[in-house]
Structure formats: C-alpha cells, structure tokens
Amino acid sequence: MSATMVKVLPILLLLCSNVFMTFAWYGHLRFTDRPLWLVILASWGIAFVEYCFAVPANRIGHAAYSAAELKTMQEVITLAIFAVFSVLYLKEALTWNHAVGFAFIALGAFFVFKGPL
C-alpha cells in the first residue's frame with residue numbers, strides 16, 4: 001500500500017465509521033416511542049458496521065500515525081459529523097457556545113499534531 005494511501009485511507013474509513021456510530025448512538029432519539037431494548041439491539045447492529053470501518057482504520061493508520069493522532073482524528077471527525085447530524089437529522093440548532101467549544105477541541109487537535117514544543 002502506498003504511503004499516501006496509508007495516510008488517506010484511515011481518514012476515509014474513520015469518516016464512514018463515525019457516520020454509523022453517530023446513528024448508533026443518537027439516531028434513536030427520533031424514535032422515543034420504541035422500547036429501549038429494541039433501540040439497544042438496533043444500535044448494536046449499527047455499531048457492528050461501525051467497527052468494521054474503525055478497526056481497519058486504526059490498523060492501517062497506525063503505520064502512519066501514532067495512537068494519539070488516530071484518536072484525535074477520530075474525535076474531530078466525530079464532532080464534525082455530529083454537528084451536521086444534529087442540525088440535519090435531529091433538527092437541533094448549533095449555538096455560539098457550541099462553536100466555541102468545538103474551536104477549543106480543534107485547538108487541542110492542533111497541538112496533538114504539532115509535535116514537541
């Protein structure tokens with residue numbers, strides 16, 4: 001596998017993974033009339049698909065990134081996907097305090113990838 005692919009493929013796999021995980025964790029919020037046991041089972045099924053993307057992302061990505069960098073990527077991707085999901089699927093507004101919090105997380109990600117100071 002080329003060096004470029006080793007760097008790009010984990011990001012693409014993490015994007016896919018996080019779409020599934022966001023639905024597994026929060027998709028049921030639109031179905032509050034369903035029994036909890038049912039949404040847990042549905043979420044497990046969705047999470048299984050998420051793992052099918054996340055595990056290879058981390059396995060392949062560890063050849064190019066440290067574990068801390070992979071985790072940071074995953075968190076930033078999760079946050080970006082959740083923001084879109086929250087607005088489009090849950091119909092919830094993002095407010096200025098969300099933007100400030102997200103900016104602080106992005107600043108933390110910057111320092112993880114910056115390397116030693």
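How are H1 and H2 oriented to each other, roughly parallel or roughly antiparallel? In this predicted model, the axes of the two helices cross at roughly 165°, and angles over 145 degrees count as roughly antiparallel, so H1 and H2 are roughly antiparallel to each other. Here is a short tour of that pair and its surroundings.

**Overall build**
- The protein contains four helices and zero strands, giving the pattern α-α-α-α when read along the sequence.
- Its C-alpha atoms fill a box of roughly 50 × 35 × 20 Å along the principal axes.
- Of the 117 residues, 28% are buried.
- The accessible surface is about 7800 Å², and carbon and sulfur atoms account for 74% of that area.
- Taking contacts between residues at least 6 apart in sequence, 78% join residues at least 24 apart.

**The H1 and H2 pair**
- H1 spans residues 3-26 and H2 spans residues 36-61, with axes that come within 8 Å.
- Their crossing is left-handed.
- On the H1 side, the residues in contact include Val-6, Leu-9, Leu-13, Phe-20 and Phe-23.
- Across from them, H2 contributes residues including Ile-46, Val-49, Tyr-51, Phe-53 and Ile-60.
- By class, this contact has 19 nonpolar, three polar and one charged residues; Glu-50 in H2 is among the residues that meet H1.

**A look at Gly-101**
- Gly-101 sits in helix H4, which covers residues 96-114.
- Its relative accessibility is 28%, so Gly-101 counts as partly exposed.
- Gly-101 and Arg-30 are 71 residues apart along the chain, and 25 Å separates their C-alpha atoms.

Methods. Residues numbered from 1 in each chain as written. Predicted model: local features only at pLDDT ≥ 70, side-chain atom pairs only at ≥ 80, totals over all residues. Heavy atoms only, no water. Axes fitted to C-alpha atoms, helices over the stretch in contact; angles between N-to-C directions. Parallel < 35°, antiparallel > 145°, perpendicular 65-115°, else oblique. Left-handed = near helix turned anticlockwise from the far one by under 90°. Contact = heavy atoms within 4.5 Å. Nonpolar A, V, L, I, M, F, W, Y, C, P; charged D, E, K, R; others polar. Buried < 20%, exposed > 50% of the residue type's maximum accessible area, 1.4 Å probe, protein only. Areas by Shrake-Rupley, 256 points an atom, 1.4 Å probe, with all protein chains shown as cover.
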